[in-house]
Amino acid sequence: IRDRTVLVTGGGGFIGSHLVEALAPYNDVRVLDNFSTGSRDNLSSVTSPQWTNDAPTSADGGFDDAGGGGDAGDAGDAGDARYDGSPTIIDGDITDPMALQRAARGVDLIFHQAALVSVAKSVDAPRRSNETNLDASLLVLDQARQEDARVVLASSAAVYGHPDELPVSETARTEPTSPYGIQKLALDQYARRYHELYDLPTVALRYFNAYGPRQQGPYSGVISTFLEQARSDDPITIEGDGEQTRDFVHVSDVVRANIRAATTDAVGEAYNVGTGDRTSIRDLAELVRDAVGSSSPIVHREPRPGDIRHSRADVSKASRELGFETRVGLESGIRSLVAET
Ligand code: UD2
């Protein structure tokens, strides 16, 4: 996408910053972030003084040119001279209606990525996480109505809870097991209803287990935890027997799903964003250890209470309606993560 005025909420976060990187060379991009879990460092590639339009930094570390096509950030294309590649950064909270109003003025597209992503914190403080994950999402949807802007929202595989069958399709039963999952489910349903009730173009993307550069912090996900452990030759800690499985999707693919969602005619819908493959946590531990060349032992500890046993996306709807296919397999994704970070 090009020549659009775009707001990325949570643009300083893990997924948001990759999205900003992909969009900034071709669009007028704004970031609204309170930098509580995100950081300015995540945006250093698009805000550093050395930035030039001749060398747009691909959001996905060179995977971009595999299929070409019209996605933003396609490698090999010089940036449009009208954009200096640097987003406008608004340091503010999405729960603040004034900050949001200011950030959204005149935009035609919003990627709503801001959230409190810790499932554990949502269990400790459901109302606090509800404010950010749900109340603020409603502010975003209402602001989008004001501006007549399309909204692409970050939903989650958490909406499904423990899936009855695998792969899990968008029509599967939704029974979230945490306040976080409940909030994402409500956001996802509001998105659909805002399309039906107010004709607002919305798309909800149900992310499975996203990974990639800049995923960090205590709630960041198993791949970044294992990588850190392997690099320091510390024990790699498998919770439980390690036979549980996940569908790990590289952040560059998550970005491409967002770009597709920004242009699809199939709005008012939710789509799974995963690979359709599954990997056990035990295999993952070995993959990461081998990629690093580490001598970390692999150890087991207590399983996580309430852990989902298996999770794998049915990606046929996203493929059919968004034309979305993942490009980065887990092994090459991990190799590039090790090489780049
Ligand atoms: C993911 C999402 C979460 C929510 C949820 C819905 C991430 C980071 N989190 O949680 O936001 O959408 O899916 O189901 O994508 N593990 C270990 N050792 C460790 C850390 C984790 O064995 O040191 C295991 C953990 O017990 C689990 C698996 O790895 O079985 C994945 O854990 P996670 O926290 O990366 O992601 P998940 O699937 O719990």
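## Packing of H3 against H5

In this predicted model, the axes of helix H3 (residues 97-104) and helix H5 (residues 126-147) come within 10 Å and cross at roughly 40 degrees, where axes are lines fitted to C-alpha atoms over the stretch in contact and angles run from 0 to 180 degrees between N-to-C directions. H3 is therefore oblique to H5, since angles under 35 degrees count as roughly parallel, over 145 as roughly antiparallel, 65 to 115 as roughly perpendicular and the rest as oblique.

From H3, Pro97, Leu100, Gln101 and Ala104 make the contact, and from H5, Leu139, Val140, Gln143 and Glu147 (contact: C-beta atoms, placed from the backbone, within 7 Å). By class, these are five nonpolar, two polar and one charged residues (Ala, Val, Leu, Ile, Met, Phe, Trp, Tyr, Cys and Pro are nonpolar, Asp, Glu, Lys and Arg charged, the others, Gly among them, polar).

## Surroundings of the ligand

The ligand is surrounded by 20 residues, of which Ala158, Gly221, Val222, Glu239 and Arg304 are the closest (C-beta atom, placed from the backbone, within 6 Å). Strand E7 (209-211), helix H7 (222-231) and strand E8 (236-239) each give two or more residues to this shell, and E8 provides the largest share, three residues. The shell divides into nine nonpolar, seven polar and four charged residues.

## Overall fold

The protein has eleven helices and 13 strands (DSSP runs numbered from the N terminus, helices being H or I of at least four residues and strands E of at least two). Among contacts between residues at least 6 apart in sequence, 80% join residues at least 24 apart.

## Basis of the model

Residues are numbered from 1 along each chain as its sequence is written. Local features need pLDDT of at least 70 and side-chain atom pairs count only at pLDDT 80 or more, whereas totals for chains, interfaces and linings use all residues.

Key
Contact = placed C-beta atoms within 7 Å.
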